[in-house]
Amino acid sequence: MSINAPLAKYAGSWSGINKLYLSWTPETLKESESKLDVSLKANAQFIAFEYTWVYEGEQQEGIILLGCDTKSDAVQTVWTDSWHSSHTFMLSDGKVAEDGLISVKGHYKVEGHPDWGWRTDIIPAGESLKIVMYNVSPEGIEELAVETDFARI
């Protein structure tokens, strides 16, 4: 099954509230407005999720480029975000569930420590779209990092 065919209906403009979870700070939750543009790329072989959000008054930008293996439920993303992954890309692998949930996981380096994980879930649901990101310790403990519920503009 091609994941892009079901996701193609999500192309367009979306808005929502970005929730950034910062467990290491006194104010553990930062909320800001978020915009999302979903578009098909490379003759509809890929789908791009381009989003903006705000941290301490500065606009941030991110992009998730998603592709799939049309013969299986395997998916792959390339992700970067001006605040989370400044100047680097993260390659993540995962799959699409029968209900349409896309879950991928990649890894990033932490100097002096084993690599950490980053799991991203893209949850299409009718007229809404949700993106949830988790920071994953080297021991496999997941902590909610970002959650945004989008509605079509």
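Colleague: What should I know about the model before reading local features?

Modeller: This is a predicted model, in which local features need pLDDT of at least 70 and side-chain atom pairs count only at pLDDT 80 or more, while totals for chains, interfaces and linings use all residues. Residues are numbered from 1 along each chain as its sequence is written, and side-chain values use heavy atoms, with hydrogens and water left out.

Colleague: How many salt bridges does the structure hold?

Modeller: Side chains of opposite charge can pair when their charged atoms come close. A salt bridge here is a side-chain nitrogen of Lys or Arg within 4 Å of a carboxyl oxygen of Asp or Glu, and the structure holds 7 of them.

Colleague: Which residue meets Lys130 in a salt bridge at 3.1 Å, N to O?

Modeller: That residue is Glu147; Lys130 lies in strand E9 (residues 128-136) and Glu147 in strand E10 (residues 142-152), so the pair ties together parts that are 17 residues apart in sequence. Strands are DSSP runs of at least two residues, numbered from the N terminus. Lys130 also forms a salt bridge with Asp149, with the closest N and O atoms 3.8 Å apart.

Colleague: Is Glu147 buried or exposed?

Modeller: Buried means under 20% relative accessible area, exposed over 50%, and partly exposed in between (1.4 Å probe, protein chains only). Glu147 is buried at 17%, whereas Lys130 is partly exposed at 24% and Asp149 is partly exposed at 42%.

Colleague: Where does Phe89 lie?

Modeller: Phe89 lies in the loop between strand E5 (74-81) and strand E6 (90-96), and Phe89 counts as exposed because its relative accessibility is 66%.

Notes:
Helix = DSSP H or I, 4+ residues; strand = E, 2+ residues; numbered from the N terminus.
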